[in-house]
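Here is a short briefing to read alongside the structure.

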Amino acid sequence: MVSNKYDVTIVGGGAMGLSTAYHLASTGKKVLVLEKYGFNNQNGSSAGDSRQFRLQYAQKYMSQLALDSVKYWDDLQKHSNEQLIDKTGSLWFGSPDISSQEGGINAAMQVMDELNISYEKLEAKQIEEKYHFKNLPSDYSGFFQKDGGIINLNATLSALFRFVDNAENIDLKEFSPVTDIQSNADGIIQVFANGTCYTTEKLIITAGAYVNDALQHLGLSVDINIWEMSSAYYKVEDPTVKYPTWFVFQEPQDTNLFYGFPEVDWSNPGYIRVAPDIPDRVIIDPVDRTGIPSQKSLRYNSDWVLKHMKGVSDKPAYESTCLIALSNNSKELLLDFAPDWLHNNKNIVVYTGGWAAKFIPLLGKMIADMAIEGATSYDISPFKISWPKVRGEYSKYFRTDKEDDLKLDVAIIGGGASGLYSGYRLLSGKDANGKPLGKKVNIFEMGERVGGRLESVKLPGMNVVGELGGMRYMTEQKIVTGLIEKVFATKYGLKSLPFPMGDPSHHLYYLRGQRFFASRFRQSKITGDGFKTRYFLDEKFEGLSSDEIFISIIDEVLKADGYSLEDIQNSEDPVRKWDEVKQKLTYRFDGPYKDMPVYKMGFWNLIKDRSSEECYTFLSQAGGYYSNTLNWNAAEAFPYMAGDFADAETVYKTIQGGFDQVLTCLASSFLELGGTIWTKNKLVRFDKNADSEYRYVLKMYNIESDSYYNVYAKDIILGMPRRSLQLLDQYNFFFDPDKQKELQHNLASVIIEPSFKILLGFEEPWWKKTLGAEAGESITDLPMRQCYYFGTDPENSHSLFLSSYNDMRTVAFWKTLEFGKPFGTRETRLVKGGNAEYPDTYDHATEAMVEEVMKQVRELHGDKIQVPVPYTSAYKDWTEDPFGGGYHAWKAVYKVWEVMPYVRQPMPEERIFIAGEAYSDQQGWVEGALCVTEHIMREKYGLSCPEWLDKDYYLGW
């Protein structure tokens with residue numbers, strides 16, 4: 001074949017990959033098999049010449065699978081002149097009640113009885129007499145099953161290879177390690193190997209222990225450990241002694257599980273193979289294998305041979321190792337489609353795990369059918385891969401009931417960024433000695449979802465994700481970036497994407513009835529045409545954008561006190577440098593604020609003093625957010641406006657499938673680490689407890705049962721914004737307004753900022769055809785304030801539009817429209833019947849709200865741009881309790897560098913900590929919540945910096 005386009009591509013040319021290709025040969029599909037090493041290599045699960053075949057399992061479905069495999073072995077046998085399975089029988093013996101990773105004797109006999117599989121029960125003496133073992137404990141027993149035997153693995157691989165190599169529709173390429181895989185939204189999957197790009201419709205990954213090497217390119221991984229195991233051959237000294245295949249069950253299992261094979265003429269004739277069923281070492285990455293047999297394991301092996309086997313030498317020969325991938329959740333095999341958040345997931349089949357040689361021809365059939373037909377007739381439910389437990393804001397793994405008198409080391413209140421990160425770090429982190437904390441940690445969330453103020457949604461009829469809350473992160477924010485791009489990219493398949501800001505040549509401003517493109521400011525500098533807005537600005541500010549004016553004012557104030565904005569921004573660590581400057585920066589201009597520390601000034605006061613009230617109005621309206629120019633702490637505003645919003649070099653990113661996934665991945669990891677998340681469980685108050693160990697009693701309210709109950713904890717972490725803290729009963733030892741005035745004063749140090757969003761779905765991206773906009777925002781002084789042009793579903797052209805992103809005083813405009821008939825999703829040519837049903841996880845905008853926002857959208861865009869009617873909607877009002885607002889800002893006068901560490905632990909004698917974005921120096925960002933939490937983890941729990949985070953990363957005050 002000359003073309004690099006295939007119907008099916010198989011990554012991994014071992015036993016399962018070749019068996020899958022064998023079954024695909026008859027389909028006529030163009031198939032490519034890529035093998036990292038040579039075919040029939042000794043680097044993975046296919047190492048060695050022999051494997052055991054058996055029908056007995058402790059699980060009925062596994063025994064049935066073994067029975068079902070027989071006919072496929074018979075079919076494959078027709079393509080080989082060598083005997084593939086030598087049915088010498090299978091002997092199990094030892095302690096009958098032991099349950100190991102191989103199964104157990106009594107459990108296997110029960111299954112064989114149910115499936116009418118014949119076997120002979122044996123006692124220790126019978127086993128010694130019939131099968132040449134010796135010195136067995138008298139209480140040992142077992143059975144012999146006549147259909148078991150030894151698989152000639154080399155002959156099996158050779159038969160499969162010859163068949164597929166002769167198939168005209170199959171290409172085999174060895175020494176072709178995969179360097180990248182891309183699963184694209186257009187349905188095409190690209191696989192890169194040896195500098196070549198292969199396009200394929202279906203992808204099958206059968207890479208055994210190397211499975212995560214392949215999956216990492218898709219941002220996925222499976223939860224496996226890899227056992228490197230040893231075996232050896234022992235010389236037969238008495239040719240009259242004949243052994244079947246056998247397995248012995250003994251305690252302790254980490255030193256006393258062994259299995260063996262009979263002598264065969266095709267693998268070291270004159271010798272029998274015996275192996276310990278224990279790992280030499282457990283590794284995560286195949287690159288860590290040694291390839292050197294463990295002399296400790298082989299010593300156990302030889303001691304067993306010497307003590308219990310007749311007619312063979314106890315000196316090992318022909319020593320070797322192999323790799324076995326084993327599921328960490330006790331599943332015998334792992335076989336599934338890729339998770340549903342991945343493009344083309346039903347066209348991607350993943351197989352790995354377990355001792356599966358006995359199923360080689362059947363598993364190939366199952367995998368091939370899954371790829372081609374989208375299903376297999378065999379039940380794969382026991383083998384499904386445990387992709388993340390939480391993908392989206394809800395999970396069946398959350399508990400919504402209650403548990404009276406629950407006792408915890410740490411009770412975390414709040415399922416937002418700080419609460420979830422606290423739980424994740426407490427269970428995954430290590431102390432200075434590399435030891436886990438070993439604490440019992442639970443998270444309590446009053447809502448039915450986790451994620452806090454991140455909420456990603458899919459409107460009906462489209463796969464484009466909209467953001468009702470936070471939308472993006474900056475690449476210099478190293479904790480959130482590390483979690484997304486280093487931790488969860490591999491573990492859960494998170495894929496970071498650029499958050500495009502678009503081309504200002506296709507974005508509009510509509511201010512005071514003046515409509516112009518956002519690029520007009522830049523063009524004016526080139527043409528010198530003296531462009532002016534309808535604001536009466538000082539001459540030095542005319543023709544400048546809001547960002548340019550912000551920078552100009554900030555730079556002027558810094559220079560007057562001997563600082564340089566350029567030097568700060570270009571310093572090795574701008575965030576740390578800003579924190580130094582903010583404490584000392586003084587206002588050096590004549591007037592009412594002369595020589596005042598800038599942190600004591602309101603940002604509105606400062607802007608007006610350096611420009612005019614008219615200029616301030618322009619900045620508040622043209623900047624898109626009223627919250628940026630409210631009268632907050634001017635020193636805190638400087639780095640926020642100069643870096644986050646006005647710096648052209650800032651790189652924004654988001655997550656494919658929704659930004660809230662970073663938090664749901666934290667939740668999933670917390671659950672997997674043994675934590676518990678309680679939703680619909682609200683903290684009412686907490687008090688001191690007489691018990692000296694569990695110092696606090698938390699009064700909880702369970703919403704489902706409408707009842708109260710108590711939880712006892714040694715520590716409390718309040719991962720809550722300011723309003724949520726205020727909603728707790730204030731009359732306790734901690735919050736008491738009459739006694740805890742310092743705490744109440746410091747909790748009042750931040751302004752709660754209202755925020756409101758309206759999302760609309762359209763049948764097509766009208767903004768592309770009429771405005772030329774691909775992404776980004778347009779801004780107006782109308783109450784809608786901003787709109788964002790988002791993505792288009794490639795399958796149906798349905799498109800997402802953030803029609804209003806408003807804050808502060810404009811929120812009140814929309815709140816009066818919340819009550820009324822919902823704007824129901826209407827059917828389109830592509831949204832029919834049930835597809836038009838509206839999810840109950842978020843709210844429709846009302847008809848009045850949609851009509852009003854559409855009126856403003858049309859006014860913003862002008863008569864020349866035809867804006868059609870939307871077909872669906874959603875909205876979010878973050879001013880509602882328990883949030884109170886979308887984000888926060890520091891008040892003037894407060895010394896933030898003192899308040900932040902104080903709020904983290906207001907009372908040194910109490911183990912009560914407050915975490916979250918509200919009291920951080922990156923307010924409005926997830927990173928702010930994570931930095932505060934990381935401070936608590938290190939300062940209060942002694943955790944070391946996680947390995948995925950730069951130890952020198954500055955966490956702020």
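## Asp 715 and its surroundings

Leaving aside residues up to four places away in sequence, Asp 715 touches Asp 409, Val 410, Ala 411, Tyr 696, Arg 911, Phe 913 and Tyr 941. Please keep in mind that this is a predicted model.

**More on Asp 715**

- Asp 715 sits in strand S33, which covers residues 707–719.
- Its relative accessibility is 6%, and buried means under 20%, so Asp 715 counts as buried.
- One of the residues it touches is Tyr 941, and the side chains of Asp 715 and Tyr 941 make a polar contact at 2.7 Å.

**His 844, a loop residue**

- You will find His 844 in the loop between helix H23 (811–815) and helix H24 (847–861).
- With a relative accessible area of 16%, His 844 is buried.
- A polar atom of the His 844 side chain lies 2.8 Å from the backbone oxygen of Phe 823.
- The His 844 side chain also makes a polar contact with the side chain of Ser 873, at 3.5 Å.

**Helix H2 against helix H9**

- Helix H2 (residues 60–77) packs with helix H9 (residues 360–373) at an angle of about 95°, and their axes are 7 Å apart.
- H2 brings Leu 65, Asp 68, Ser 69, Tyr 72, Trp 73 and Leu 76 to the contact, while H9 brings Ile 360, Pro 361, Leu 362, Lys 365 and Met 366.
- By type, the residues of this contact between H2 and H9 are 8 nonpolar, 1 polar and 2 charged.

**Helix H13 against helix H16**

- Helix H13 (residues 546–560) and helix H16 (residues 603–610) pack at about 90°, with 11 Å between their axes.
- H13 is therefore roughly perpendicular to H16.
- Phe 550, Ile 553, Glu 556 and Val 557 of H13 meet Phe 603, Leu 606, Ile 607 and Arg 610 of H16.
- The contact of H13 with H16 holds 6 nonpolar, no polar and 2 charged residues.

**Helix H10, mostly covered**

- Helix H10 (residues 417–428) has 12 residues and reaches 16 Å from its first C-alpha to its last, close to the expected 16 Å.
- In H10, 11 of the 12 residues are buried, among them Gly 419, Tyr 421, Tyr 424 and Arg 425.

Notes: Residues are numbered from 1 along each chain as its sequence is written. This is a predicted model: local features need pLDDT of at least 70, side-chain atom pairs count only at pLDDT 80 or more; totals for chains, interfaces and linings use all residues. Side-chain values use heavy atoms; hydrogens and water are left out. Axes are lines fitted to C-alpha atoms, for helices over the stretch in contact, and angles run from 0 to 180 degrees between N-to-C directions. Helices (H or I, at least four residues) and strands (E, at least two) are DSSP runs, numbered from the N terminus. Contact means heavy atoms within 4.5 Å. Ala, Val, Leu, Ile, Met, Phe, Trp, Tyr, Cys and Pro count as nonpolar, Asp, Glu, Lys and Arg as charged, and the others, Gly among them, as polar. Angles under 35 degrees count as roughly parallel, over 145 as roughly antiparallel, 65 to 115 as roughly perpendicular and the rest as oblique. The expected span of a helix is 1.5 Å times one less than its number of residues. Buried means under 20% relative accessible area, exposed over 50%, partly exposed in between (1.4 Å probe, protein chains only). A polar contact is a pair of N or O atoms within 3.5 Å; within protein, one must be able to donate a hydrogen and the other to accept it, and residues adjacent in sequence count only if both atoms are side-chain atoms.
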